[in-house]
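Try each task yourself, then read on through the solution.

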Amino acid sequence: MNTVYILGDSTAAMKEDSARPETGWGEAFGKYLKPGWKLDNRAINGRSTKDYISKGHFDDVLGCVESGDIVLIQFGHNDEKLDDKERGARAWHEYIVNLVYMSGRLKEMGAHPVFITSIARRNFQNSILTDTHGDWPAAMKAAAETAGVPCIDMTIPTMVMIASAGEEASRVFFMNFDRNLYDNYPNGDDDNTHLRPEGAEMVARMIAEKLQSLVDCCVSI
């Protein structure tokens, strides 16, 4: 049985019960796998390419991955935090180097890395959705070209998803809600980065659809 691994940050990671309804898209992805495939979600809250490598998480993956496995890699949200010396990775410098390094090591193991650009934040300014990711999605695409691996753009599609829903209705995708709706958040929340189940399901399905056109072996819609 082959494995689909997810390497990434909190937008994809498994969540504790105390954080619910926060849901990583990786939690909603498993149902799209074909028989004979299993999911191993190695995404971790707060991680960037830089500290995913430096803290040994990537080495842990290398110790498990086998030939034929697919490794989905989505980082960027925390690489953007350049004032954080442990996590910040400049888009056209360390970020690309880290991605190319990870993909190269995985290829050596016979695995198939796939890059995924960061999902959009719900960031409306004067009722207009604006991008927050700067150069990092373009840098990931450049890294994919350098490394010779496929890259799924999720930044633009998720921006379209949010903008199409509208400023108010798109709140349902994110941890942005009023007080007394969830026991874990009696005062509500105003988080436009992390997903609720509705958003996680939408993102997971979009990724599965795009992956199916690239690697016609592991997912079924």
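**Exercise 1: a link across the chain**

Glu 201 and Lys 31 form a salt bridge, with their closest N and O atoms 2.8 Å apart. (A salt bridge here is a side-chain nitrogen of Lys or Arg within 4 Å of a carboxyl oxygen of Asp or Glu.) Before we go on: this is a predicted model, where local features need pLDDT of at least 70, side-chain atom pairs count only at pLDDT 80 or more, and totals for chains, interfaces and linings use all residues. Residues are numbered from 1 along each chain as its sequence is written, and side-chain values use heavy atoms, leaving out hydrogens and water.

Task: work out where the two partners sit.

Step 1. Glu 201 belongs to helix H6 (residues 197-214), while Lys 31 is in the loop between strand E1 (2-8) and strand E2 (37-41), 170 residues apart. (Helices, H or I with at least four residues, and strands, E with at least two, are DSSP runs numbered from the N terminus.)

Step 2. Lys 31 is exposed at 57% relative accessibility, and Glu 201 is partly exposed at 24%. (Buried means under 20% relative accessible area, exposed over 50%, partly exposed in between, with a 1.4 Å probe and protein chains only.)

**Exercise 2: a residue in a loop**

Task: find which residues Ser 67 touches.

Step 1. Look in the loop between helix H2 (57-62) and strand E3 (70-74) for Ser 67.

Step 2. Leaving aside residues up to four places away in sequence, Ser 67 touches Asn 2, Met 109 and Gly 110. (Contact means heavy atoms within 4.5 Å.)

Step 3. Ser 67 counts as exposed because its relative accessibility is 55%.
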